[in-house]
Amino acid sequence: MAFAQDSETEDYKQQPHSFPEYSENYTKNLFAPKVKPGKTFYVSVNNGNDKNKGTKKSPFKSIEAARDAIRNLKASSGLPKGGIHVILLKGTYNIESTIEFTSEDTGTSTSPIVYKGEKKGEVILTGGVGIDTKRFQVVSDEVLLNRLHPKAKGNVISVDLSKDNLASYFPGDGKYGQIALDGHMLQLAQWPNRGYHHIAKIHERGPTTRWLKPGEKPMGYSKENPTGGKFSFKEELSPLVQAEFERTGDMYAQGYFHNDWYFQHEPVGTVNEDVIQLLHHTRYGIVNKIKSIPRRVRLFNVLAELDQPGEWYFDKKEQRLYVWPIKGFEPGKSTIRFIGTKNKSINDSYAQPGDAKTKQPALSLIAMENTSYFTLSDFIIENTGNLAISIKGGEYNLLASNIIRNGAGMGVKIKDGKYNGITGCDFYALYAAFSISGGNYKTLEKSNNFATNNIIRNCRYRGYGVISLSGVGIYFAHNLLHSMNGAVVYNTTNLLMEYNEFYNIGYEMGDFNVAYCGANWYTMNNVLRYNFVHHLIEPGGHPVAAFRNDDGGAGLKIYGNVFYRPGRGSSQFDGPLNDFQNNITMDSYMAWWTLKKDTTKEAIQKKWDQLASVYGHELPKGDKGDFIYIMEQLIGGKGWLKSPWKDTFPELKAMIETNPWAQTFGNVNLNYMNKVRNPFHIHGGSGTIEGMESKKKGRFKDLPLEGSFELPVEIDLDAFEDISALDFRFKKGFKPMKSFKPIPFEKIGLIKDDFRKKPLDKKVYRSQIYERFKNEKGGRYNAKIVSARYPLPDYLK
């Protein structure tokens, strides 16, 4: 049996986060004490009445009635010791307007308020609006049949909605709404059903906006005179598509027209035989940027491509809905719900969640503002619009053991307060899962807001934002994320992200990472440790790697993680005060990707001069890269020279005074590798879009002297318990190199606790993942391999 030999490396100063007990700074008092309730109210949608007493034999009908009963009790006699539980009995509760909880509804540490389903999976809180499924008829009209895909004839049902006043749910022109059938989110008809087709020929690049000069306007356009770029597909386009577009004029092209890191959702202007013209300008134009990889595009909102169960289409012109029902559909018994917020922009699904450009409030199914010691648990929360649940302020507000699914927008938004969190929940079939913020950058007061032991999968957002973390003292642990093209973005200080598992994420994007931050110097002491990242794939020409601090960002500590087949590599950063230590990287091109940066006295001064001259003149103040200004907005003028920052992070002052433009004071050492072709990739070009295309390479000696940079040590796979079960615990008898601390691999992933009593069996599902991807080959783009990464909808499994 071959093991890595002991390293002769010197002893290293061990950082606080290298000790397991570092977690206690975040987990101590994370959850409020559990107590036996002093009183219980009951709610039943099936046989309740809001005039009842709220007992099990005489339950309320609505959640609001129970809420008001608690308010009255508090006003008259106060909360009983042990607090109050509100038990919702089995049934589906249609929520027609936001249920609001305020400081009136708050509990205490000894008298908490808990709303919970009687049994997990049997109590559903649903938004949206339903329709009687008896109204649907199999499409038989000859004119309508001729619009359908040949596969769809005889399988598709439809209903005329022209008299239902539901147009606001399906506005068209890029906002197509969402539909759920019997608890499953359905897919809007598109071509192809999963993944993308490919551009065979670019006829015209089309006008762009990326390089417009100040005051210069984009090229004009109209529906009668489209001016966008033109292209043809490699795959054969049905003639039905052209006829459909000529009738409706409402179709979009989605995909990667220029680079593999920039997803676009562009209106179609014309369809002329096999040539598609976009309606107007795009940011970069249609360009075959990487010659070895064709541009990937699909058509969206296409009735002629409704060709499998679970797809739907709304004909905006004729106000007719088409659905290919899924298995188990029964007219009259099955439920179809239209998802959104009536008379609002219900589905801005192609903008960042909470993007100010929408100018719409995040209307939620349930809103909790300034509540405390308040819990929602054991519900299915589904069919929501912009937001399912919002929590603002207060402390010890908890969402536990819920399923949050089928949303046009985000699942949960937690803002401010302390010890507010999400645990033991499942998020899927949403646009984005959740955002968490809190704490005070200036005072470094921690929020201790958290997300633990959750499953996040199959969300539609592409890029960074399925999960958003911001603020001070956020805790993100024991979560399982998989099967989607979006992941975690964080702009935080004192973040701890530990014991999480990530796999099969970002399979359609290039220049992507499962956890990403960047371009800031205040992001100090963000610790990503004891995580397991595996089976990523690089579909495009730009690097896909696990963890990244982009654009010269500072303060990331990547420690004690296991990376197995993590795409191009394990980590990417090129800024100061970033560490990559005590990690294991296996089957990858690289362990660390970085850029050649400025290290000479003259080059450093030139960067300071550029910062002083560009921002506010050529670029607006606060634009990415305006490091000092951005930092001072949060921590105050020269905040790094004042308490508490100067005392907590003295290294920030030293970095700024030495060289903040390189990997200054970084530590890349004490790492293991197996089957890693280029342990350190030091890119010789710039970090710009054009510079990333450079073939120049840096050298080891280009790294700054103020740091420790050592190549990983080889390790044999025989050192681990069971590769086929993705069990990367060290075998008994293996002696790691000097100063390397064993990784508590057995603790990574979901855990069994009061809020998740039956976690997935790690050995079973990890063995299945290993077998699924065992023979998958990386390297050049392969459409078949990438398409196989897309998860089937639950109703097709």
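These notebook entries record what I looked up in the structure above.

**Entry 1: the model and its numbering**

I note that the model is predicted, so that local features need pLDDT of at least 70 and side-chain atom pairs count only at pLDDT 80 or more, while totals for chains, interfaces and linings use all residues. Residues are numbered from 1 along each chain as its sequence is written, and side-chain values use heavy atoms, with hydrogens and water left out.

**Entry 2: the whole protein**

I began with the secondary structure, which comes to 10 helices and 57 strands. Helices (H or I, at least four residues) and strands (E, at least two) are DSSP runs, numbered from the N terminus.

I then looked up the overall dimensions. The C-alpha trace spans about 75 × 75 × 60 Å along its principal axes.

Of the 797 residues, 60% are buried. Buried means under 20% relative accessible area, exposed means over 50%, and partly exposed lies in between (1.4 Å probe, protein chains only). The protein exposes about 33000 Å², of which carbon and sulfur atoms supply 49%. These accessible areas come from the Shrake-Rupley method with a 1.4 Å probe, and for residues only the protein chains shown count as cover.

For contacts (heavy atoms within 4.5 Å), I considered those between residues at least 6 apart in sequence, and 70% of these join residues at least 24 apart.

I also looked up the charges: the mean positions of the 105 positive and 87 negative charges are 2 Å apart. Lys and Arg count as positive and Asp and Glu as negative, whereas His and the chain ends are not counted. The place of a charge is NZ of Lys, CZ of Arg, CG of Asp or CD of Glu.

Which residues of α6 are buried? I found Phe 627, Ile 628, Ile 630, Met 631 and Ile 635. They cover an arc of only 165° around the axis, which puts them on the same side of α6. The arc is that of the directions from the helix axis to the C-beta atoms. These buried residues pack against α5, α7 and α8.

**Entry 3: from α6 to α7**

Just after α6, Gly 636 takes a positive phi of about 95°. Lys 638, in the loop between α6 and α7, has a positive phi of about 45° although it is not a glycine. Lys 638 is partly exposed, with a relative accessible area of 48%.

Pro 644 also lies in the loop between α6 and α7, and a cis peptide bond joins Ser 643 to Pro 644, with omega about 5°.

I recorded these cases because most residues other than glycine have a negative phi, and most peptide bonds are trans.

**Entry 4: another cis bond and another positive phi**

The peptide bond from Trp 191 to Pro 192 is cis, with omega near 0°. Pro 192 lies in the loop between β13 (190-191) and β14 (197-204).

His 478 has a positive phi near 60°. I found His 478 in the loop between β36 (475-477) and β37 (480-484), and at 13% relative accessibility His 478 counts as buried.

Not counting residues up to four places away in sequence, His 534 touches several residues, including Glu 501, Tyr 503, Arg 565 and Ile 769.

Ser 44 sits in the loop between β1 (39-43) and α2 (63-76) and is buried at 3% relative accessible area. Leaving aside neighbours within four places in sequence, I found Ser 44 in contact with Pro 59, Phe 60, Lys 61, Leu 89 and Tyr 93.

Ala 432, in strand β32 (residues 432-438), is buried with a relative accessible area of 0%. Ala 432 and Ile 743 are 311 residues apart in sequence, and their C-alpha atoms are 31 Å apart.
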